[in-house]
Amino acid sequence: MSQFEVDGSKPEGGASFSGAARAAVDALLAPVDAELARRYPGERGTRQPVHTVYVPADLFAADTVRSWGRQALEAFDTHAGTPAELARALGVADDELLADVHARVRAKLEREPVEDLRIDFEDGYGPRPDAEEDADAVRTAELITAAVAGGSAPPYVGIRIKCMEAAVRERGIRTLELFLATLVAGGGLPDGLVLTLPKVTYAEQVTALVRLLADFERRAGLPQGRIGFEIQIETTQAILGADGRATVARMIEASEGRATGLHYGTFDYSASCGVSAAYQSMDHPVADHAKAVMQVAAAGTGVRLSDGSTNVIPTGGTEQVHAAWKLHHDLVRRSLARAYYQGWDMHPAHLPTRYVAVYGFYREGLAAAAARLAAYVAKAGGDVMDEPATAKALSGYLLRGLDCGAVDAAEVTALTGLDRARLDALAGR
């Protein structure tokens, strides 16, 4: 029933739409409404890590996260022990903001150096005798179970299996089966469990993993849909299929709601495009094109994006470390500006500049974002007239800063007048 029928009023002149016409429109669009709700549910409403750390399965140990933190702190203290040294390394101003970021990053490296850990059974691990990979699948699951029970596990942790191509399919499935079964036997799946499916070229490979996980859930007595996974975009076929369609969108659909992320694979994808090794980078035009397609395909679906990594390692003398840090810092900042809020880190010495870039991004924009959001909520206007979509983005920006520790809840509330629950509501979480 329309507002006109509720209050008895009609448009000037007495003409109106008939009840039958409005009912016909509702009937016509009901399937569209349902399809929009199914395909585009919006943000997941949970924390997204700022990075994923990859560690080969044979090297993963009980102290891996602590070891990465120690090595990151050692590199930070050795090559950027003061804000002035950090400023020189990055070629930026040595100001009050950088001093604040420096202190916060050091505390982060002590408290939570790794937000998302992926134990790698694919490229970083390579082909091994079956007995060896079986043993590593069980051992790594047992270590994760112990870390979760002891409170030392990072917020997100899981494995990257081998891909679904014929040559390694059975091996990847076997590793996944052993890993999941060991977790279940040890007390259950961790809340932050993440699986990564690499080198996906066809949507049917995604469907295959969905079928396997659904079968495992039934047999293990788990709720259907409990286990999700990331899709790694490392081939041209994942972006554009032979039929001219954006394959990545079909992969999201094929996941039946289980896809949690799309992760860009810098070097495999660049190589598949014929880019020579010296020019394979996160900021190459082929990378920008792939990630733009991923971004549009994932928008509104709740599937998150992750950029790739740099293979320039910050080791050696201070001058060499500073050069690698500046490259990494600038690439991370570039990704953040393009709304790729996550990336890969391949070495402990990458952690300082990951967090310097992330913390700088959120702290330098804190006051302006908070002021715009407060004005929106108060309907106070100001220099920029924001719309609900922008208010959603502003809230999301502040929440991301809170989640990673770049900003504090008290300062956000003081600047906006909003608590976490209100921010979540505005962001659509």
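Student: In which helix do Tyr 355 and Tyr 359 both lie?

Tutor: In this predicted model, Tyr 355 and Tyr 359 are four residues apart, about one turn of the helix. Both residues are buried. The helix that holds the two tyrosines, spanning residues 351–364, is α13.

Student: Why is the pair of Tyr 355 and Tyr 359 described as it is, and what is that description?

Tutor: A pair of aromatic rings is described by the distance of the centres and the angle of the planes. For Tyr 355 and Tyr 359 the centres are 6.1 Å apart and the planes stand at 65 degrees. Planes over 60 degrees apart fall in one class, so the pair of Tyr 355 and Tyr 359 is edge-to-face.

Student: How many aromatic pairs does the structure hold, and which residues form one aromatic cluster with Phe 361?

Tutor: The structure holds seven aromatic pairs.

Student: Over the ring of which residue does the charged end of Arg 128 sit?

Tutor: A charge counts as sitting over a ring when, among other conditions, CZ of Arg is within 6 Å of the ring centre. The charged end of Arg 128 is 4.2 Å from the centre of the ring in question, which belongs to Tyr 125.

Student: In the open sheet, which are the edge strands?

Tutor: Eight strands form the open sheet, with parallel pairing, in the order β7-β6-β5-β4-β3-β2-β1-β8. An edge strand here pairs on one side only, and this holds for residues 304–306 and 343–345, that is, for β7 and β8.

Student: What is the bridge partner of Thr 52 in β8?

Tutor: Strand β1, residues 51–56, runs parallel to β8 and is joined to β8 by three bridges. Helix α3 (residues 64–79) lies across β1, β2 and β8, at about 115 degrees to β1. Within β8, the bridge partner of Thr 52 is Trp 344.

Student: Is strand β6 mostly covered or open, and how many of its residues are buried?

Tutor: Strand β6 pairs in the parallel sense with β5 over five bridges and with β7 over three bridges. Strand β6 is mostly covered, and of its six residues the number buried is five.

How values were computed
Residues are numbered from 1 along each chain as its sequence is written. This is a predicted model: local features need pLDDT of at least 70, side-chain atom pairs count only at pLDDT 80 or more; totals for chains, interfaces and linings use all residues. Side-chain values use heavy atoms; hydrogens and water are left out. Two strands pair if DSSP finds at least two bridges between them. Contact means heavy atoms within 4.5 Å. Axes are lines fitted to C-alpha atoms, for helices over the stretch in contact, and angles run from 0 to 180 degrees between N-to-C directions. Rings of Phe, Tyr and Trp (its six-membered ring) pair if their centres lie within 6.5 Å; planes under 30 degrees apart count as stacked, over 60 as edge-to-face and the rest as tilted. Buried means under 20% relative accessible area, exposed over 50%, partly exposed in between (1.4 Å probe, protein chains only). A charge sits over a ring if NZ of Lys or CZ of Arg is within 6 Å of the ring centre and within 35 degrees of the ring normal.
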